[in-house]
Amino acid sequence: MKHRGAGVLCASAALASMLLAAAPAPTKSSLPAMSFAAATQMKLANGVIIASQPSADVPVVGVQVFVPGGLVQQPGNKAGIASVTAALVLQTKVEGSTTLSQAAALAGGSVSFTLDPLDTRYYLECHEADFARLFHDLRVALGHPDVSQLAAQRTQAIANANALTENPLEAAYAMVRQVRYRGTGFALPDQGSSVTIAGLSGADVAAFVASYTHGAGTIVALEGAVTQPLTAAAAHEFESLPASTPAPAPTPNAVVRLHQIVAHRNVPAPWVAVAYEAPGQYSSDFAPMLVIEALLGSGGDVHSFNYTSNELAPQDFVGAYYQYEVSPGSMIVFLGGANENLDQSVRDLETGIARLRGDKITATLISEAKKTALGDYFLSVTRFDDLAWLLGRSAASQEGVAFENNVPQRIMSVKAADIQRVARRYLTKETIAIVLPASAGR
Amino acid sequence: MRRFFQRAHAARRLRCGFIVSMVVLMLAWTGPASARQDPASPASDTALATQPSLTQFPDGLTLVARRATASPTAAIEIWIRCPASGYGAPRPGLARLTALAVVDEKAGGPSLREQARMAGAQIAVSVYHESTEIALLTPAYLSPALLDTLVSRALRPHLDQAAFESARQRLAAQQVASMDMPDQVLRDSLFAQLFASGPLHDSSFGDPKTLTGLTLDDISAFAARAYVPGQEIVVTVGDVDASDVSKRIAAVAPGAGPLQVMPESSIAPYSDTPISLTRESLNAGGVAIGWVGPPIADERAATAMDFLSDYLAHPSEGVVTKVVLGADASTMFTGQFVTLRKPGVFYVTASGAKLDPMLTSTLIRDAVRAAVRQQLSKDEFERARAAFITHLLRDMQTSQGLADNYGWYFAQGALPYSPSATDASLSGEYFKQVASLSPDYVFSIARRYLQVAPAVIILPRGAVHISGTR
């Protein structure tokens, strides 16, 4: 196991494992040595966390800026405000008549946003020589998105909303969230609806910006050719944020019974999503649930259904999807599409879930699932954007940046009893969302 | 420069992975408990230089081992320089069938594919006109063991009937899937139009008829000729110990074999009269346009074409890209200069449910003409070159990105010219060539290669047979 470097930032870096960790400390038996590059973090006086993980492979910097305003915090009648605000940030003029998005692109870089349950992430990637300028542009746009573009963005958002509504996978995911996250903005469609978007005003945008403009909850996570001057420049940009805390995110109503919801779409074959409660990423049950995800057969990583500025909605997703960026999380298994024996697949899943809750899973199977979970964990973070995402999530944990290296150790420590316990605790009271072909007679 | 076309396969791989997993979960509960140990092969913690280590073994095998530390993963790849359609009379799909058999060969135990899956790694087979790639992406701590497995199975493969049958089924499925991808269909058809013969003429997927006629003897004979050390490179990039890699490969490297001559691909006489595909189309219309460019031996000209490709057809910022997407944002547009021994090819494809192929063809050709009509101003050239360099570097941020570039340029006989053969200060031949570019030189290359008539392929929209048979 490598030691995390004594980096350029002294800081409160190792809040680390000595503090009250939500998860058990990893054991150090015969587990494989592995670690991410050395990372540091510091907390500014106003609460902003700056995390940094340098690597010298290419002179490119990637930075994720997390602001504490995401899907959960959207008011019920303002669904879509998060995506419209984020789109406005990208279209804000920052260098004369050049927008933030254009400024990054002209330099060969890019800037994008992703809506997460509890925050909005802005990702900037560029040559190290352009970083200070473009990062300043991003910070300015974040604080003052250009509302003169609101009408155009509303039109675009409505088009996106209408398109996403037709996607059977998005429809199934939305139905699941509608049940399991009632009482929060996460129960609403990522993209909003044409009705709510049409009603969004400049004042709504300003209110949403104000809701996330706080030191606490803001995280800057830097990857790549990060140097001390670049980190200092990043810290300087955010040191003027108010030293305040955002309003607590609403919590969803508990799911107390089974639900089955049906919708119709123009699809050739039906889709089914079967959803269960799951632990969040900082829970002590996180690692066992990652192994369960591997046992079920992961269909993709936690980003698979993200609403982003630069990715299309998934057209084909079969398998388990573990949404752990919100608490409680969800384990959703998608079945269908081209699968002609959907009934059998649902029965197989139910049988599989029942056996996870039993005690007949072999050591061999668990060992292989742990390897798969470990592989999925590492191989899902190879690009700077994913590495910076994980770094930021780790920095926000009670363990600090050490979190990202502790998770693999915890995965390897998972025992059969952990799987059974976690399955029994979470894999009940399922929500079933069914998307049927719209054609008559089916 | 080479880019990648693997995203379209991702969903299909995930679906297969899930089905396999569910079957395992359904069947394995009743099996005996095993005392199999968890992976516990600690990776070396030795500090290593970040400079790539290039080794040429006595048998001719080439090794590049490069340390990259951004993520605790490693890309382990074997590239074989070989024609996709074989050495004699063309048998399209032969190299792909062989490579699929290599990863499905059990050799008395789990296959390479199964071992990768059980270890939590990912395996991919990519077959190009003049090279085959077998690649593993793995957590770094597993890389020594998986490297051993990969080189022992793939450097000098021995194939059996079961592996052949498995590979044949996979290739048949891939052939069907490839027909669902308009850009794949368009690209293959364009190359068939540009080249009259040789490996560049045929699709690497082959066709069902040829596949039916191929046997275990065919792929074994092909492997014996193609998979010889002098035509192979092992590339490891990531959190790996270069000296350890070298020792491991030296221990298992096979004996030398005779080098084979890559069959030539002759340029066809073509005009810019659009050729309509006669097969029944997908639910999309499409167009492909291609220009023959400089060979890789002319490094400066090839680099200039890479620059032009980026300027014209970058996925979001290319000037032609913007014209095409401005007309219809739902269009799938791709474009690149493919660096090849002789000659390279610059091509673009556009496809979409609403796309009018003829109109789009005109749109693209007009946009290219307008873009290369005059020399770029010095300021615009400098900005575009800086953006080009940043695009290149961003593509090289992962172990896979770095490894793939080494493999591709090895296969084209120009390993030192690989963009990956550089460091953070952008030393290396490729970036020196980029630095040497000037507005007037790039303009001269554009005039020479892009102001001539291209080959044009049209994929009619809707279920239409242009041949009139229906």
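I began with helix packing in chain A, where helix α1 (residues 81-90) and helix α7 (residues 202-212) pack at an angle of about 90 degrees, with their axes 10 Å apart. For this I took helices (H or I, at least four residues) and strands (E, at least two) as DSSP runs numbered from the N terminus, and axes as lines fitted to C-alpha atoms, for helices over the stretch in contact, with angles running from 0 to 180 degrees between N-to-C directions. α1(A) and α7(A) are therefore roughly perpendicular to each other, given that angles under 35 degrees count as roughly parallel, over 145 as roughly antiparallel, 65 to 115 as roughly perpendicular and the rest as oblique.

I noted that the model is predicted, that local features need pLDDT of at least 70 and side-chain atom pairs pLDDT 80 or more, and that totals for chains, interfaces and linings use all residues. Residues are numbered from 1 along each chain as its sequence is written, while chains are lettered from A and ligands numbered from 1 in the order in which they are written.

Back at the helix pair, I listed I81(A), A82(A), V84(A), T85(A) and L88(A) on α1(A), against D204(A), V205(A), F208(A) and V209(A) on α7(A), where contact asks that C-beta atoms, placed from the backbone, lie within 7 Å. By class, this contact has seven nonpolar, one polar and one charged residues; Ala, Val, Leu, Ile, Met, Phe, Trp, Tyr, Cys and Pro count as nonpolar, Asp, Glu, Lys and Arg as charged, and the others, Gly among them, as polar.

Next I looked up a pair in chain B, helix α10 (residues 299-313) and helix α11 (residues 319-327), which pack at an angle of about 25 degrees with their axes 3 Å apart. α10(B) and α11(B) are therefore roughly parallel to each other. Here Y311(B), L312(B) and A313(B) of α10(B) meet V319(B), V320(B) and T321(B) of α11(B), and the contact residues divide into five nonpolar, one polar and no charged.

I then turned to the open sheet of five strands in chain A, which has the order β9-β14-β10-β13-β12 with mixed pairing; two strands pair if DSSP finds at least two bridges between them. β9 (259-265) and β12 (319-323) of chain A stand at the edges with a single partner strand each, so one side of each is left without a neighbour in the sheet. Neighbouring strands of this sheet are turned by 20 degrees against each other on average, direction ignored. I traced β12(A) to β13 (residues 329-336) of chain A, an antiparallel pairing over five bridges, in which Q323(A) has S330(A) of β13(A) as its bridge partner. Helix α9 (residues 286-296) of chain A packs on the sheet, touching β10 (271-278), β12 and β13 of chain A, and its direction makes about 160 degrees with that of β12(A).

For the domains, whose bounds come from an automatic or database domain assignment, I found chain A divided into domain 1 (38-238) and domain 2 (259-437). The contact takes 47 residues from domain 1 of chain A and 37 residues from domain 2 of chain A.

Eleven of the eleven residues of helix α2 (residues 94-104) of chain B are buried, so α2(B) is largely enclosed by the rest of the structure.

Conventions:
Two residues are in contact if their C-beta atoms, placed from the backbone, lie within 7 Å. A residue is buried if 20 or more other C-beta atoms lie within 10 Å of its own, exposed if 12 or fewer, and partly exposed in between; C-beta atoms are placed from the backbone.
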